[in-house]
Amino acid sequence: MLKKVAVIFDEIFFKHRAGNFHPESPERLRFIVKRLKERDVNHMIEIFSPDRATKEEILWNHTEGLYNLIKTSSEKGFFQIDGDTAVNEHSFEAACYAVGAQKTGLRLLFEEGLNYVLALVRPPGHHAERDRAMGFCLFNNIALAAYYARNYYGIKRILIVDFDLHHGNGTQKSFYHTDEVLFFSTHQYPYYPGTGNYDEIGTGYGRGYTINVPLKHGCGDDDFIFFYQNLLKPIAFQYKPQLILISAGFDCMVGDPLGDLEVTAKGIVRITEIFKEIAYNFCDGKILFSLEGGYDLNNLSEGIVTIIKKLVEEETKYSSYEVSPSTYALELFRKIKDLLAFKGFWEI
């Protein structure tokens with residue numbers, strides 16, 4: 001029997017617009033939805049409608065001031081929040097449903113027995129901080145997914161992985177102080193938003209539970225896969241997460257107009273295999289992916305399809321790929337390893 005991937009989607013996500021020429025456009029999602037109707041993949045998915053997040057739920061991670069700003073700004077029609085981030089009359093509702101999609105996804109995982117959920121949402125979320133919308137993001141969807149898991153299902157060890165081109169500064173800030181979330185990010189650096197250097201490892205009880213891999217422009221599959229195989233996997237096997245949440249941004253792929261990393265489908269395949277292996281060992285197979293960036297429409301849609309096809313495969317144990325990391329990646333790995341070993345956090 002085919003194990004399907006639950007896809008959470010609603011047409012409200014088409015209605016949010018940040019401007020006529022904004023790269024984070026409804027066309028991104030239209031292209032994905034059209035691709036998912038094709039014969040090679042449509043039998044692998046089942047579509048579900050999202051819940052709408054309540055104000056109380058959104059305030060788990062955000063201030064009332066930010067909540068009211070997004071709400072009242074949308075009521076004005078088009079409103080520019082900052083140079084990158086804007087709303088229209090539908091944006092507040094879309095953002096509430098984008099958060100609520102995470103709630104739906106966790107219900108499917110923990111109450112309906114599904115293993116894999118893909119939340120196809122707009123606006124994205126990983127840049128949104130507690131009191132600030134920024135970087136195309138209004139509310140932090142993946143951070144609130146972690147709050148749903150903690151508050152409704154009592155999950156105490158959550159792994160969040162962010163492979164978007166841009167560092168998820170909002171997600172990092174949400175959990176920088178706690179060991180109940182392990183945050184792992186690969187991203188182009190230095191680049192927007194300017195955070196995510198390797199020495200940002202958390203504070204207080206969270207020290208050692210933020211792992212940043214700042215890749216330089218031009219890094220491709222070998223560097224990308226190297227860090228997931230040799231850094232994420234051993235740390236995750238020590239942390240033993242009860243749930244995996246993925247900020248899935250496809251702007252890390254070669255040719256994206258907003259970035260300079262060179263990841264291909266090969267890289268996406270391998271990290272998905274690693275996610276599955278971690279989930280199989282510690283999470284009863286449960287993974288929730290939530291859409292972030294990606295502005296080359298072909299990369300975006302094929303990246304999504306690549307993940308879906310890999311998820312529905314029966315195989316759950318994979319051999320490591322032979323890779324040839326760059327000198328930069330090897331030096332960065334040494335710095336991260338030395339830092340974490342010196343502080344006594346993880347064996348790598």
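User: What makes β9 count as mostly covered in this model?

Analyst: Keep in mind that we're looking at a predicted model. Buried means under 20% relative accessible area, and six of the six residues of β9 are buried.

User: How do you know which residues sit on each side of β9, and are they buried or exposed?

Analyst: Leu 243, Leu 245 and Ser 247 take one side of β9, with Ile 244, Ile 246 and Ala 248 on the other. Each of these residues is buried, so by the under 20% cut-off both faces of β9 are covered.

User: What makes β6 and β9 a pair, and in which sense do they run?

Analyst: A pair needs at least two bridges. Strand β6 (residues 158-162) is joined to β9 by five bridges, so they pair, and they run parallel. In that pairing, Leu 159 has Ile 244 of β9 as its bridge partner.

User: How many bridges make β9 and β10 a pair?

Analyst: Five bridges, in the parallel sense, link strand β9 (residues 243-248) with β10. With at least two required, they therefore count as paired. Ile 244 stands opposite Ile 287 in β10, and Ile 246 stands opposite Phe 289 in β10.

User: Which way does the chain cross from β9 to β10, and why is the crossover given that hand?

Analyst: The chain goes from β9 through α9 to β10 as a β-α-β crossover, and this one is right-handed. The name is used because, with the strands pointing away from the viewer, the path over the helix runs clockwise.

User: Why is β10 called largely enclosed?

Analyst: Five of the five residues of β10 (residues 287-291) are buried, so the rest of the structure largely encloses this strand. Ile 287, Phe 289 and Leu 291 point one way from β10, Leu 288 and Ser 290 point the other way, and all are buried.

User: What else pairs with β10, and over how many bridges?

Analyst: Strand β5 (residues 116-119) does, in the parallel sense and over four bridges. The cut-off is at least two, so β5 and β10 qualify as a pair. Here Leu 118 has Phe 289 of β10 as its bridge partner.

User: How do you know that the reach of α9 is close to what's expected?

Analyst: α9 has 18 residues and spans 26 Å from its first C-alpha to its last, against an expected 26 Å at 1.5 Å a residue. As for cover, 13 of its 18 residues are buried, so α9 is called mostly covered. Just after α9, Asp 284 takes a positive phi of about 55 degrees.

User: Which elements line the largest pocket, and what does α9 give?

Analyst: The largest pocket holds about 170 Å³ of space, and 13 residues line it. Lys 3, Asn 115, Tyr 116, Tyr 280 and Thr 316 lie nearest its centre. α9 (265-282) and α10 (297-312) are the elements giving two or more residues to this lining, and α9 supplies the largest share, three residues. By type, the lining has five nonpolar, three polar and five charged residues.

Methods
Residues are numbered from 1 along each chain as its sequence is written. This is a predicted model: local features need pLDDT of at least 70, side-chain atom pairs count only at pLDDT 80 or more; totals for chains, interfaces and linings use all residues. Side-chain values use heavy atoms; hydrogens and water are left out. On a 1 Å grid over the protein atoms alone, a cavity is a set of points where a 1.4 Å probe fits but cannot get out, and a pocket is an open set with protein on both sides within 12 Å along at least five of seven lines; lining residues have an atom within 4 Å of a point. Grid points are joined across faces, edges and corners, and a volume is the space filled by probe spheres set on the points. Ala, Val, Leu, Ile, Met, Phe, Trp, Tyr, Cys and Pro count as nonpolar, Asp, Glu, Lys and Arg as charged, and the others, Gly among them, as polar. The expected span of a helix is 1.5 Å times one less than its number of residues. Buried means under 20% relative accessible area, exposed over 50%, partly exposed in between (1.4 Å probe, protein chains only).
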